[in-house]
Amino acid sequence: MKTFEELGVVEEIRRAIEELGFVQPMPVQEEVIPYLLGNRNDVIALAQTGTGKTAAFGIPLLQRIDTTRKETQAVVLAPTRELCLQIADDMKDFAKYMDDIHIEAVYGGANIVPQMKALRKGVQIIVATPGRLIDLMNRGVARLDDVYNVVLDEADEMLNMGFSESIDEILAGIPEERNTLLFSATMSREIERIAKSYLHEYKEIVVGSRNEGAEHVNHIYYLVHAKDKYLALKRIVDYHPKIFAIIFCRTKIETQDIADKLIRDGYNAEALHGDLSQPQRDLTMQKFRSHLTQLLVATDVAARGLDVDDLTHVINFGLPDDIENYTHRSGRTGRAGKKGTSISIIHTREKSKVRRIEREIGKEFVDGTLPSPHEICTKQLYKAIDEIEKIDVDEEQIAPFMTDIMRHFQYFDKEDIIKKIVTLTFGRFLSYYADAPEIQKPETKAKRKSEGTKARGSEGTKERRGEGTRERRNRGSRQAEAGFQRLFINLGKTDGFYPGEIMQFINKHVRGHVEVGHIDILDRQAYIEVPEEEAPRVMRFLDGTVYKGRKVRCNDADEGRSKDEAPRTKGRGRAAKTTKSSSKPARTPKAFRTPQGDWRELMKGAPFKLKGEQPDFSEEGWARRKPRKK
């Protein structure tokens with residue numbers, strides 16, 4: 001194991017990082033730091049959150065800055081404002097003993113005027129979100145002509161959020177003679193595209209293995225019915241009295257709803273999502289980092305950049321659509337060599353996602369069994385006893401009240417007092433779990449099939465097969481979340497239409513901010529959920545646009561799903577016949593349409609015949625026709 005001095009880190013930075021507790025370089029730092037200290041050394045680093053990434057790129061960036069010049073010499077791009085602030089603060093800590101270093105975080109959602117003033121004074125390192133940096137570039141305030149170091153932190157997340165075109169625009173405005181570093185948790189096709197376009201003979205540095213989950217994280221899932229997910233969440237939290245966790249939800253509405261329920265039920269919880277103002281978000285994160293909040297209920301985007309080293313658990317209140325998002329979520333815990341646990345509360349339809357994630361991250365999930373009420377109450381009792389034992393009594397402070405206290409308790413024996421203290425301390429758990437509803441684990445598909453075959457014989461098997469076929473045909477027919485409308489788009493996986501592309505496509509064509517909820521992507525079509533009041537606007541802007549040469553159709557999922565799906569066929573070749581018939585009459589081809597109807601029908605029995613052209617059915621036109629030969 002090398003030291004920071006052996007890696008070439010200067011004394012001023014070594015002094016600052018030693019005060020921060022950096023003793024020896026972490027693997028990613030040992031690989032990246034010496035390489036980035038050279039010129040034209042481009043890097044793709046695949047590493048999880050919590051592996052020391054910020055120091056890996058921050059230290060060489062600082063060391064390469066010419067402090068005698070005020071021009072911007074390095075740019076760090078990050079997906080969210082929270083991560084921007086985190087990176088900027090860390091780099092300022094690293095540069096504590098360096099003179100004349102100016103680092104500025106610029107991001108959306110905040111007043112742009114102070115950021116413009118700071119850049120005009122001279123900033124050598126800009127840490128930015130892509131959208132705000134482009135805005136400052138267009139205003140002529142952010143000048144990148146002298147930049148020779150560029151870092152894309154959590155690049156996969158930026159691409160998933162639809163920043164692909166913004167990244168292209170920023171990198172196109174930076175001189176080619178530069179070091180470019182791409183940090184990502186996973187290696188996707190979009191990451192490879194960026195690398196091929198903008199990196200030169202890059203080195204790929206992998207900490208762990210490609211697309212691998214955090215090394216010190218255990219993965220557990222609890223399979224429950226959808227209606228029991230919140231009850232399961234409460235049991236998990238109650239069974240871990242010292243839990244300090246982030247609970248990830250899919251949408252802002254769900255995030256606020258779960259947080260409100262937890263607060264109502266007496267838990268120390270707060271919500272973090274995009275509808276909060278920046279001061280509210282900053283205060284919420286500050287309270288969580290200070291352990292004043294025990295449970296943070298958050299969306300994926302809002303929690304980006306929230307680095308908390310002693311997080312005990314990450315709880316997925318349902319799995320995300322992208323495996324990359326799961327990797328980012330689970331990477332919040334198990335940091336800095338500590339153990340962590342990623343818990344997923346899923347229903348039967350999400351079981352296949354677990355298997356896909358297992359294959360991708362190379363780790364197996366544990367099929368968990370929810371703790372019983374007795375086990376939870378036992379855990380909480382021990383916690384209560386432990387807290388009573390560890391209380392430090394200030395004899396001097398309590399002395400003036402002891403006479404009255406002893407008088408009130410003189411008729412209680414020791415056992416009664418202990419019972420009352422314990423009941424006061426964890427009585428709500430005893431009362432809740434005395435009548436707690438039972439949470440049944442759903443039967444697996446294989447078990448249902450086996451039992452159903454025994455009970456109902458071949459008829460039951462045929463019936464289930466029919467139901468399964470109908471279910472496959474109607475994969476897009478699930479109900480939208482409350483307050484959301486489900487839209488159909490005639491693009492799918494075969495068109496390269498993945499979540500990142502969807503977000504980018506919407507951002508490009510729909511004016512203003514649009515919240516996107518659940519996304520389902522099939523081979524030839526996709527379904528997105530947007531707020532009901534926004535749905536007409538989204539359909540108006542997307543319908544009729546062009547994506548990679550294909551005309552896009554976007555409409556209500558219930559109305560438009562079947563129009564782009566090819567009918568299922570039986571047999572092969574030209575003689576194939578459809579297995580499902582339509583109740584609608586066949587539509588007349590455009591070439592045969594007239595105001596009076598299908599002209600082929602109108603011509604039956606006419607005294608003349610035509611030579612293929614569409615006829616004029618006015619009286620004059622009819623009279624001009626030549627008689628039919630007898």
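The buried residues of helix H2 are covered by parts that include strand E1 (43-46), H3, E6 and strand E7 (203-206). The model is predicted, and local features need pLDDT of at least 70, side-chain atom pairs count only at pLDDT 80 or more, and totals for chains, interfaces and linings use all residues. Residues are numbered from 1 along each chain as its sequence is written, and side-chain values use heavy atoms, with hydrogens and water left out. Helices (H or I, at least four residues) and strands (E, at least two) are DSSP runs, numbered from the N terminus.

**Helix H2**

- Helix H2 spans residues 27-36, and its buried residues are Val28, Gln29, Val32, Ile33 and Leu36. Buried means under 20% relative accessible area, exposed over 50%, and partly exposed in between (1.4 Å probe, protein chains only).
- Leaving aside residues up to four places away in sequence, Gln29 touches Phe4, Leu7, Phe22, Gln24, Pro34, Gly52, Ala55 and Ala56. Contact means heavy atoms within 4.5 Å.

**Aromatic pairs**

- The whole structure holds 12 aromatic pairs. Rings of Phe, Tyr and Trp (its six-membered ring) pair if their centres lie within 6.5 Å; planes under 30 degrees apart count as stacked, over 60 as edge-to-face and the rest as tilted.
- Phe57 and Phe183 form a tilted pair, because their ring centres are 5.8 Å apart and their planes stand at 50 degrees.
- This pair links distant parts of the chain, 126 residues apart: Phe57 belongs to helix H3 (residues 53-63) and Phe183 to strand E6 (residues 179-184).
- Phe57 is buried, at a relative accessible area of 0%, and Phe183 is buried at 0%.
- Tyr326 and Phe365 form a tilted pair, with 5.6 Å centre to centre and 40 degrees between the planes.
- Tyr326 lies in helix H13 (residues 323-330) and Phe365 in the loop between helix H14 (351-361) and strand E14 (366-367), so the pair ties together parts 39 residues apart in sequence. Both Tyr326 and Phe365 are buried.
- One aromatic cluster is formed by Phe4, Phe22 and Phe94.

**Charges over rings**

- Arg15 lies over the face of Tyr97, 3.7 Å from the ring centre. A charge sits over a ring if NZ of Lys or CZ of Arg is within 6 Å of the ring centre and within 35 degrees of the ring normal.
- Arg540 lies over the face of Phe541, at 5.2 Å from the ring centre.
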